[in-house]
Amino acid sequence: IIVLDTNILLVPFDTNEKNFIDIKNIYLNYKAQNRLFIPARVAREFANNRANKIGDVFLQVRQLKDNLNSGNFKINQYPILDNNNDYKELIRIFSSIQTEIKESRKHLENIENHIQSWTWNDIVSIAYKEIFTPDIIVEVQKSKKEIEEEFAFRIEYKIAPGFKDSKKIDDGIGDFVIWQTLLEIARKNCKNLIFVTNDQKNDWFYKQDKIG
């Protein structure tokens, strides 16, 4: 069974479309084999963090436009050099640069408008609607009280996993909820499980030298 973490779901926002198509096809293949799942907590975290990833892309485009607006792409007039061939060529090149900069600003504004028009219709969100249907989004079965009590116990006695996340905004309980969901998915399906994540949590596994 393949289970994905939030940071893995956000990866396509930092890759190109070709790579994302490959990722999508891999997910669809696992789904067709009934091997792909995500915890409901992961789905909610993705929804919360998606806007930030899109915002980062927008800010990069805005910064590029601001750089073009603040750049000095003018050349002073030197009448005494009017008959100099190199000066004439320089004037021609700078005129071409100004035209290209103006066109670039228009394209950047169009890109900004395109990004701002996204609600949930960007290519990543559209694909995820197809892939992550309700049947593969798994809600943890333990009650909120049970989760909180067990997590508090683990923090007090430094029991892995999750106790080193106690300083997070949500007190680290989000990762513990995901962990509990993984156990429930594996138990229900009676299969081994691979949890795919970019996180490096040294309280999720034992480590000897450089081998985790």
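Biologist: Between which two helices does the loop that holds Ile 80 lie?

Modeller: This is a predicted model, in which local features need pLDDT of at least 70, side-chain atom pairs count only at pLDDT 80 or more, and totals for chains, interfaces and linings use all residues. Residues are numbered from 1 along each chain as its sequence is written, and side-chain values use heavy atoms, without hydrogens or water. Ile 80 lies in the loop between α3 (40-70) and α4 (85-116); helices are DSSP runs of H or I of at least four residues, strands runs of E of at least two, numbered from the N terminus.

Biologist: Is Ile 80 buried or exposed?

Modeller: Buried means under 20% relative accessible area, exposed over 50%, and partly exposed in between (1.4 Å probe, protein chains only). Ile 80 has 80% relative accessibility, so it counts as exposed. Of the 212 residues in the protein, 32% count as buried.

Biologist: How many helices and strands does the protein have?

Modeller: There are 7 helices and 4 strands, in the order β-α-α-β-α-α-α-β-α-α-β along the sequence.

Biologist: Which residues lie on each side of strand β2?

Modeller: In a regular strand the side chains alternate between the two faces of the sheet. In β2 (residues 36-39), Leu 36 and Ile 38 are on one side, Phe 37 and Pro 39 on the other, and all are buried.

Biologist: Which strands pair with β2?

Modeller: Two strands pair if DSSP finds at least two bridges between them. Strand β1 (residues 2-4) runs parallel to β2, joined by 2 bridges; Ile 2 has Leu 36 as its bridge partner. Strand β3 (residues 137-138) is also parallel to β2, again with 2 bridges, and Pro 39 is partnered by Val 138.
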